[in-house]
Amino acid sequence: MRQITRYCGDLGEWPQAFEIVPWRQRVRAQVPSSRLQARKILLLLRAVRYNPACLKELRRSGFGAQAGASRGSCVKMMRIGQVSAGLAAGLAVAAATFVGAAASEPAPGQIGLQDAVTPVMEQLNSFHNLLLYIITAITLFVMGLLAYVMWRFNAKRNPKPSRTSHNTLIEIVWTVVPVIILLFIAVPSFSLLYYMDRVEEPEMTLVVTGYQWHWGYEYPDQQVPEYLSYIVAEEDLEEDQVRLLSVDNPVVLPVDTDIQVLIKGGDVLHSWAVPAFGIKKDAVPGHTNETWARIEQEGTYYGMCSELCGEGHGFMPIEVHAVSREAFDDWVMEQVAGMDLETPPQLLTQTYEEALARRQVAEVE
Ligand SMILES: [Cu+2]
């Protein structure tokens with residue numbers, strides 16, 4: 001948000017449009033989806049026209065998630081932009097693809113995957129796109145063949161059907177070509193699978209445990225004992241919280257840090273899945289699964305339990321707050337304050353003694 005104001009500050013009335021307001025509730029309740037898309041396009045067009053750095057920042061921050069505007073200013077912008085609703089609707093699809101939806105959560109009218117914030121998800125994204133090209137080509141080719149066969153070999157054109165039943169060359173071709181295509185796909189697929197598997201030298205570890213129906217999080221290196229994370233009930237939602245996705249105690253993780261994530265089940269099978277990180281790992285009772293994340297952007301990211309685990313399966317969301325390494329250290333110090341620690345917590349930017357001294361100085365002041 002601060003970044004956006006910095007880059008977009010010279011756009012006059014602009015920053016107002018990016019005020020963080022409880023826009024989700026307001027906008028979703030009042031503005032139809034096509035109008036939301038129109039607003040996105042207009043903001044985008046203006047950003048391109050006035051300030052490329054601003055556009056970059058907007059895209060980085062997940063555009064849709066933070067660009068809040070009331071219905072009034074939306075209508076005003078439509079007038080300012082002098083873009084007819086028809087044109088806007090036509091552009092909507094293109095804009096949704098170009099801008100990318102919110103970085104952290106599903107958005108209305110979203111096309112494609114959530115924006116990647118880890119190297120793993122970036123690679124997953126490009127692998128997904130590669131497959132999409134291949135699938136499209138195959139589909140078009142097969143459809144073309146079918147259309148040709150229907151036209152060329154219909155009963156009218158062939159009153160006396162041919163009795164041909166084998167053609168060795170064609171049979172070899174239609175066996176070998178798919179094998180080659182699969183091999184071609186297998187190479188990036190396997191290398192990605194191993195890349196996702198584990199990180200060489202993690203700087204810290206997060207232990208995730210799935211329970212019916214909430215999550216437990218523990219930071220062994222930081223001596224933060226396990227705490228539980230429950231969904232926020234609909235009637236208790238605060239203005240900036242998201243229905244079915246916000247939790248009472250989110251996971252806090254540092255950005256630009258290789259984090260080992262260990263996932264296990266406390267009772268039945270669950271699955272810890274955060275789309276923006278490219279993580280979906282089963283939480284299995286009696287077995288620890290491993291994966292990793294290196295988050296490249298600060299922000300709030302949401303996910304859900306993705307393994308049917310019983311009645312409350314749809315109500316155990318995941319909320320991750322990715323903060324700077326310094327802010328993470330501060331958070332750890334808050335968690336361990338007043339605890340009787342045998343081993344000092346491993347902090348990322350300072351030693352425990354330094355952090356303690358700093359806290360004491362701050363208290364005196
Ligand atoms: Cu579950």
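What share of the contacts in the chain with a separation of 6 or more comes from residues 24 or more positions apart? In this predicted model, such residues account for 68% of those contacts. The chain holds 11 helices and 10 strands, and of its 365 residues 28% count as buried.

**The nonpolar core**

The largest nonpolar core has 41 residues, and those with the most contacts inside it are Leu 206, Val 208, Leu 253, Val 261, Phe 277 and Tyr 301. At least three residues of this core come from each of domain 2 (119-158 + 166-197) and domain 3 (204-364). In soluble globular proteins, nonpolar side chains tend to be buried together. Leaving aside residues up to four places away in sequence, Leu 206 touches Tyr 217, Tyr 219, Val 251, Leu 253, Ile 259 and Val 261.

**Helix H8**

The number of buried residues among the 34 of H8 is three, so the helix lies largely in the open. The buried ones are Val 120, Met 121 and Leu 124, and the buried residues of H8 pack against helix H9 (168-197).

**The open sheet**

Five strands form an open sheet with mixed pairing, in the order S3-S2-S1-S5-S8. At its edges stand strand S3 (224-229) and strand S8 (289-293), each of which pairs on one side only, and the twist from one strand to the next averages 25°. Strand S2 (residues 214-219) runs antiparallel to S3, and four bridges join the two; Gly 216 stands opposite Leu 228 in S3.

| Strand | Residues |
|---|---|
| S2 | residues 214-219 |
| S3 | residues 224-229 |
| S8 | residues 289-293 |

Where does His 313 lie? It is found in the loop between strand S9 (299-305) and strand S10 (318-323). With 17 other C-beta atoms within 10 Å, His 313 is partly exposed, because a residue counts as buried if 20 or more such atoms lie within that distance and as exposed if there are 12 or fewer. When residues up to four places away in sequence are not counted, His 313 touches Trp 213, Cys 305 and Leu 308. His 270 is 43 residues apart from His 313 along the chain, and the C-alpha atoms of the two are separated by 8.3 Å.

Notes. Residues are numbered from 1 along each chain as its sequence is written. This is a predicted model: local features need pLDDT of at least 70, side-chain atom pairs count only at pLDDT 80 or more; totals for chains, interfaces and linings use all residues. A nonpolar core is a set of buried Ala, Val, Leu, Ile, Met, Phe, Trp, Tyr and Cys residues joined through C-beta atoms within 7 Å. Domain bounds come from an automatic or database domain assignment. Two residues are in contact if their C-beta atoms, placed from the backbone, lie within 7 Å. Two strands pair if DSSP finds at least two bridges between them. Axes are lines fitted to C-alpha atoms, for helices over the stretch in contact, and angles run from 0 to 180 degrees between N-to-C directions.
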